[in-house]
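Please keep the sequence and the model in view while reading.

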Amino acid sequence: MSAERPDFRPGTELATGFTATLTERAGDPVERIPTPQRLLDWLALHGLAADSCTSAQLNRARELREAIHAAATAAATGDPLPTPALQMINDASVQGRSAAVLTPEGERRWQLGASSVEDALSVIAADAVDIIAGERAGRLALCASPTCRAAFFDTSQSRTRKWCDMNTCGNRQKKARFHANHRASRTK
Ligand SMILES: [Zn+2]
């Protein structure tokens, strides 16, 4: 992993996958879309390929990302949705042009009006509207890792998932607990 090209975290939902392009939010944050090219890479990976991206568009994408994070966090904790975040999500949703189309294989694909970053962001914003409004089966929750606190969408059967990602936050917490127990048993 290099500073220019940090890995992407796989996410289950588009909107919370997008907010996971900034990780360790409550610790030492890692920016996973540090350059316009990396935003284009992320979008292409999620079926939202855009033609080009300026620094201003990257900034706007990050603003939308933080707005989704703020609104999803409020939804997860039962707080009122912050007005500026709401405005940002709604604006992004309205501004871009995109349509869902069916492939011959019966899969959904996104068709972007002008293949612009704005078009791609409108799909992400609309996805955020869906999950925050409770239109999809699942529950918004906050990651139990104290250095992460990411808002994630829990679609597990029991709706008791604790970590945004089992392979990173979940694993680290388990290791920390193991070491704590180990220390405790040695001092007995
Ligand atoms: Zn986490």
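Which residues in H4 and H5 meet? On the side of H4 they are Ile89, Ala92, Ser93 and Gln95, and on the side of H5 they are Glu118, Leu121, Ser122, Ala125, Ala126, Ala128 and Val129. To meet, or to be in contact, is to have C-beta atoms, placed from the backbone, within 7 Å of each other. By class, this contact of H4 with H5 holds 7 nonpolar, 3 polar and 1 charged residues. Here Ala, Val, Leu, Ile, Met, Phe, Trp, Tyr, Cys and Pro count as nonpolar, Asp, Glu, Lys and Arg as charged, and the others, Gly among them, as polar.

Two conventions apply throughout. The model is predicted, so local features need pLDDT of at least 70 and side-chain atom pairs count only at pLDDT 80 or more, while totals for chains, interfaces and linings use all residues. Residues are numbered from 1 along each chain as its sequence is written. Helices (H or I, at least four residues) and strands (E, at least two) are DSSP runs, numbered from the N terminus.

Two packed helices are described by the angle between their axes and the distance between the axes. The axes are lines fitted to C-alpha atoms, for helices over the stretch in contact, and the angles run from 0 to 180 degrees between N-to-C directions. For H4 and H5, the axes come within 7 Å and cross at roughly 130°. H4 is therefore oblique to H5; angles under 35 degrees count as roughly parallel, over 145 as roughly antiparallel, 65 to 115 as roughly perpendicular and the rest as oblique. The crossing of H4 and H5 is left-handed, a term used if the near helix is turned anticlockwise from the far one by less than a right angle, with right-handed used if clockwise.

H4 (residues 83-95) also packs with H3 (residues 55-77), their axes coming within 8 Å and crossing at roughly 125°. H3 and H4 are therefore oblique to each other, and their crossing is left-handed. In H3, the residues Glu63, Leu64, Ala67, Ile68, Ala70 and Ala71 meet Ala85, Leu86, Met88, Ile89 and Ala92 of H4. This contact of H3 with H4 consists of 10 nonpolar, no polar and 1 charged residues.

H3 itself can now be followed from end to end. Its 23 residues should span 33 Å at 1.5 Å a residue, and the end C-alpha atoms of H3 are 33 Å apart, which agrees; the expected span is 1.5 Å times one less than the number of residues. Among the buried residues of H3 are Leu64, Ala67, Ile68, Ala70 and Ala71. A residue is buried if 20 or more other C-beta atoms lie within 10 Å of its own, exposed if 12 or fewer, and partly exposed in between, with C-beta atoms placed from the backbone. Just after H3, Gly78 has a positive phi of about 80°.

H5 (residues 117-132) has 16 residues and reaches 22 Å from its first C-alpha to its last, close to the 22 Å expected. Because 12 of its 16 residues are buried, H5 is largely enclosed by the rest of the structure. Those buried residues include Leu121, Ser122, Ala125 and Ala128. Ile132, also in H5, counts as buried because it has 23 C-beta neighbours inside 10 Å. Leaving aside neighbours within four places in sequence, Ile132 is in contact with Ala71, Ala72 and Ala75. Just after H5, Gly134 takes a positive phi of about 75°.

What remains is a set of loops. Ser115, in the loop between strand S4 (108-112) and H5, has a positive phi of about 50° although it is not a glycine. With 14 C-beta neighbours inside 10 Å, Ser115 counts as partly exposed. Arg159 lies in the loop between strand S6 (151-154) and helix H6 (166-186), and it too is not a glycine, yet has a positive phi of about 55°. Arg159 is exposed, with 11 other C-beta atoms within 10 Å.

Glu24 belongs to the loop between strand S1 (22-23) and strand S2 (30-31), and is partly exposed, with 15 other C-beta atoms within 10 Å. The C-alpha atoms of Glu24 and Cys148 are separated by 4.3 Å, although these residues are 124 residues apart along the chain. Not counting residues up to four places away in sequence, Glu24 touches Pro29, Val30, Thr147 and Cys148.

Methods:
Contact = placed C-beta atoms within 7 Å.
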